[in-house]
Amino acid sequence: MLTLGIILCYLLGVSVLLAISRKYTLAELIGYSFLIGIGIESFFLFVLDIVGILYSPTLLIGLNVTVILAINGANYRSLLRLKNEFKKPNLSLRHINLVAVFIFCIMAYLFYAITVKNLFWPASAHDAIGSFDKLGRIMAIEGKLKISLFDYNLEGAGGVYPPLFHASFAYAYIFGAVTAKIMITLFFLSLLATFYSLVNSYVGSTAAALFTFILMITPEMFSHAALALDNLPTTAYLGPAALATITWLATRDKKFFWLGAILMALVIWIRSDTIVFIAAALFIIGIDFLRTKKWREALVYSSIIVSPFIIWNLYLKFKIHFTQTGRFNLGIGYDADRVHQIMGYIKAYLFGGQLGGIDGGQLYGWAFILFFFFLLANIAWMYKAGVKKVLLDKMNLLLFFFTAFILYTLVFYFIDETAQKAPLYSLMESSFKRGLFCFVPLALFYAATNPLSTFLFQKLEKFRTGA
C-alpha cells in the first residue's frame, strides 16, 4: 500500500508539471514531482480536516485518481504532443560524461546507505519523537489534522507548524508505513535532483555533478538525511523555489515562474519562520517589477506565495484556537554583547571557525567557504569579464541570499530568551544552525554558476571533449 501511495504522489506531481510545461529533463521530473505531489497531498489532508471527513487509504486513492484524471483530462491536447516531441537519449559512449558518471556512482552508494538507515532506523531525534513523527502517527490513526493531543497540550512544538511535513508522515502511515522516514529519503532525493538540473542548465553535467556531490556530503546536511526533522525537507523546497524564481527572472521561462511560485508557497506551508525567505522573494520580485512594469506577474507570484501563510494562521486562530505569544523583544535596541555573540557564531558557521559547542567546518564543510571565495574572486574577475557582466550576472541570487540572511539573523537578535525558554547561545547552536541549511543550495549554486566558474568549467568541458 505504501508503494501505491508514493506512486500516486509522484503521478499527481507529474500531472501538475505537465500542465505547466511539456519540457523537462529526467532530473526535473524526479525532483519536482515529489515536492509538488506531497505538497498537494498535505493540502488534501488539510481540506479534509476542514470539512470533517476522516482520512482513509481508500478515500485518498479515490481523491488522487480523480484529481490526476481531471488534470490530465483538461491537459490532454498538450499531452498528445509529447509523442512527437519525445527524443530518444543518445547512449553512444562518445557522448557519455564519464567524470559525471563516476561522481554519480559515489553519490548512488551514499544515497543507498542513507536510505537503508531511514528504512531500518526508527525516529530518534527529540523533536521527531515529541512532535513530528508523533503527529503523523496520530493523524493517521484519528483521521484528522486537529488530533486529540491538542486537547491536552501534548502536540509538541510542531503542532502549530504548517502541516506539510507532519502531513507527509501521516500520508505514509495512512498507507501502512511502519516508519515514515522513507519520506525524508524522497525529500533528499528531490533536493539533489532539482539542484543538479538547475546547475546543469547553466554549466553542464560535470560541474552539476560535482556541486551536487558537495551539496550531498555537506556534513550536517547529510546527517539530517537520516533524521525525522523538518530542516532538510524545508531546504528541499526552499532551494529549488528560490533558484527557479531566480532562473525565471533571468530567462523569463514561464515554466520556472510557476515552479518558483508553487514551491515558494510550499516553503511557507512547511515552516512559518520561512517568512524571511518569502520577504526576500518579494523583494527581488518587487525590484523586477520596478524595472519591467509587469504588474500581473508580480501580483500573481506574490499572491501565490503569501496565501498559505494567511490560510494557516486563520486555521490556527479559528480551529486550533492558538494565539501567538510574544516571542520577540523589539525594544532591545543596540546590544553590543548580543551583536558580538551572534557575529561570532556567524563567522564560525560561514568560515569554518569554532565557538562554544560548534565547529563550522565540521558542520558545513566547503559550502559557504566556496561561496565567499568565488564572491571575492569575481571582484578581480571584473577586470577581464567586465564590471557589468560580473555584477549583474547573479545579482538576484545575491540579493535574495543576503536579504534573507540579514532578516534571518534579525529574528535571532530580537528573540526573547525568556519567552523562548532558551539562552541565545543555545538557540544559535541549535535553531540558527539548522536554519542555515536553506542557504547551502544557494551558496553552492552561486559557486557553480558565477561568471568565473562558468568560464573555468567551459574550459574544462572543452578539454574533456577535445573540442
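Predicted model: local features only at pLDDT ≥ 70, side-chain atom pairs only at ≥ 80, totals over all residues.
Leaving aside neighbours within four places in sequence, which residues is asparagine 450 in contact with?

Helix α20 spans residues 395-413, and helix α24 spans residues 440-449. They pack at an angle of about 150°. Their axes are 11 Å apart. An angle over 145 degrees counts as roughly antiparallel, and α20 and α24 are therefore roughly antiparallel to each other. Their crossing is left-handed.

Now look at the contact itself. From α20 come Leu397, Leu398, Phe400 and Phe401. They meet Leu442, Ala443, Phe445 and Tyr446 of α24. By class, this contact has 8 nonpolar residues, with no polar and no charged ones.

Next, follow the chain out of α24. Asparagine 450 sits in the loop between α24 and α25, the latter covering residues 451-465. Is asparagine 450 buried or exposed? Its relative accessible area is 0%. Buried means under 20%, so asparagine 450 is buried.

What does its side chain meet there? A polar atom of the asparagine 450 side chain lies 2.8 Å from the backbone oxygen of tyrosine 446. Tyrosine 446 also belongs to the α24 side of the contact with α20.

Beyond its neighbours within four places in sequence, asparagine 450 is in contact with Phe374, Asn378, Asp393 and Lys394.

Key: Residues numbered from 1 in each chain as written. Heavy atoms only, no water. Axes fitted to C-alpha atoms, helices over the stretch in contact; angles between N-to-C directions. Helix = DSSP H or I, 4+ residues; strand = E, 2+ residues; numbered from the N terminus. Parallel < 35°, antiparallel > 145°, perpendicular 65-115°, else oblique. Left-handed = near helix turned anticlockwise from the far one by under 90°. Contact = heavy atoms within 4.5 Å. Nonpolar A, V, L, I, M, F, W, Y, C, P; charged D, E, K, R; others polar. Buried < 20%, exposed > 50% of the residue type's maximum accessible area, 1.4 Å probe, protein only. Polar contact = N/O pair within 3.5 Å; in protein donor to acceptor, adjacent residues only side chain to side chain.
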